[in-house]
Structure formats: C-alpha cells, structure tokens
Amino acid sequence: MTRKEDRRITDMGALKAIAHPLRMQLYRALHIAGAATASQLGEQVDEAPSLVSYHLRKLAEHGLIEEAEPRSGDGRERWWQPASEGLSVHDEDFRNAPETFAAHTAFARLLVDQRADLYRRYLDERHAWGAEWADASSDTESTLRLTPAELTELNQELLTVIRKYDELGRADEAAGDTEGRENVALHVYGFPFRV
C-alpha cells in the first residue's frame with residue numbers, strides 16, 4: 001500500500017483556513033472517515049449541516065479537502081475527502097514576519113488544545129474501553145539531553161516507525177482484519193526547555 005504525501009502548508013491563506021477550531025475538527029473527522037457529507041460531519045461535531053458546508057467549502061478553497069465520489073445513490077449529497085494523506089506546518093515557513101509567526105503559533109496552540117481535549121476525553125471514558133485498551137494505552141514523558149541535529153534525527157526515526165504501523169494497520173484492515181481495530185491517537189512532542 002503506497003502512502004500519499006502530506007500537504008505542506010506554506011501560505012497564510014491555507015494556514016488561516018485550517019487554524020479555525022471547527023475547521024480543524026472537521027478536517028480531523030474527515031481524515032478519520034476517509035469521505036463524508038456535511039450532514040454526517042455535522043452530527044459528529046454537533047453543528048448544522050449548512051454551517052459545516054460553509055466551512056468545508058473554505059477548506060476546499062485552499063486545496064485542503066476536495067470533492068469525493070458519491071458513496072450513496074442520493075445525487076443531492078456532496079461528499080468530501082482530504083486532498084492529501086495529512087497536513088504539515090513548519091515553523092521555518094512562517095517565521096519571516098511577526099504576523100505569520102503569530103498565525104503559526106495560534107495554529108500550534110489550537111492543535112495542542114484539541115489534542116489535550118481528545119486525551120482528556122479518553123481519560124474520562126477509559127473505564128469503558130476495558131482493561132485491554134487501558135493496558136495498551138501509554139502516557140510517557142522523557143527528558144533527554146540532545147542537540148538540534150539529534151532531535152531532528154529522533155523525530156525522523158519516530159515518524160518512520162509511526163508510518164510503518166499506520167501502513168500495517170491499514171493493509172490488515174483492507175485485507176479484512178477489522179476485529180478489535182480502533183482509531184488510535186499518538187501525540188509526540190519534542191521541544192527544548194530550560195528550568
């Protein structure tokens with residue numbers, strides 16, 4: 001199974017489009033579903049389909065999502081899908097001016113907040129997942145002494161391992177191995193700090 005490339009966001013318009021809390025939720029839900037309608041996504045985020053449609057069109061204007069082949073016989077339904085495997089936003093593309101740096105920082109904070117909310121929800125619902133998932137889940141923190149080059153190398157190695165398991169899981173699921181398979185969020189942060 002060949003992995004599609006991530007879309008690297010390098011312009012302010014696309015960054016502002018995805019840096020909206022509801023749009024980021026919609027993008028994440030669409031990424032998980034593969035393809036969906038505004039009505040389906042509206043149910044997931046508890047918003048009206050008309051509002052969801054507006055925000056989907058904004059994401060599409062910047063090439064972040066695209067129309068998908070209809071998945072039902074209802075020709076009135078408009079289906080959407082991510083335009084790439086994922087998105088990447090790099091600091092180096094937005095540090096040239098205070099306003100672009102501020103927009104990138106706001107986007108990064110939005111991601112951290114939404115990821116923390118997702119983890120908090122898991123913690124609140126952990127008992128319902130059962131012992132097997134609770135035992136398999138992880139929460140780890142490490143303090144390392146690294147150079148920027150070593151942190152870059154570590155990030156690349158981690159991404160390689162993550163992609164390996166993503167591809168294995170998708171291939172197994174495509175082959176019919178769906179028993180016990182769930183969406184799993186893996187959040188990894190590596191950053192310098194001083195005490």
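1. How exposed is Glu-67? In this predicted model, Glu-67 is partly exposed, with a relative accessible area of 47%, where buried means under 20% relative accessible area, exposed over 50% and partly exposed in between (1.4 Å probe, protein chains only). Residues are numbered from 1 along each chain as its sequence is written, and because the model is predicted, local features need pLDDT of at least 70 and side-chain atom pairs count only at pLDDT 80 or more, while totals for chains, interfaces and linings use all residues. Side-chain values use heavy atoms, with hydrogens and water left out.

2. Glu-67 forms a salt bridge with Arg-78, the closest N and O atoms being 3.0 Å apart; a salt bridge is a side-chain nitrogen of Lys or Arg within 4 Å of a carboxyl oxygen of Asp or Glu. The pair links distant parts of the chain, 11 residues apart, with Glu-67 in strand 3 (65-67) and Arg-78 in the loop between strand 3 and strand 4 (79-82). Helices (H or I, at least four residues) and strands (E, at least two) are DSSP runs, numbered from the N terminus. Arg-78 is partly exposed, with a relative accessible area of 39%.

3. The count comes to 11 salt bridges, including that of Arg-170 with Asp-166 at 2.8 Å, N to O. Arg-8, Glu-92 and Asp-93 are linked in a network of salt bridges.

4. The axes of helix 2 (residues 21-33) and helix 4 (residues 49-61) come within 10 Å and cross at roughly 80°, the axes being lines fitted to C-alpha atoms, for helices over the stretch in contact, with angles running from 0 to 180 degrees between N-to-C directions. Helix 2 is therefore roughly perpendicular to helix 4, a label for angles of 65 to 115 degrees, whereas those under 35 count as roughly parallel, those over 145 as roughly antiparallel and the rest as oblique. Helix 2 contributes Leu-22, Arg-23 and Leu-26 to the contact, contact meaning heavy atoms within 4.5 Å. Leu-22, Arg-23 and Leu-26 are also among the buried residues of helix 2.

5. Asp-46, found in the loop between helix 3 (38-45) and helix 4, has a phi near 55°, a positive value in a residue other than glycine. Most residues other than glycine have a negative phi. Asp-46 is exposed, with a relative accessible area of 68%. Just after helix 2, Gly-34 takes a positive phi of about 90°.
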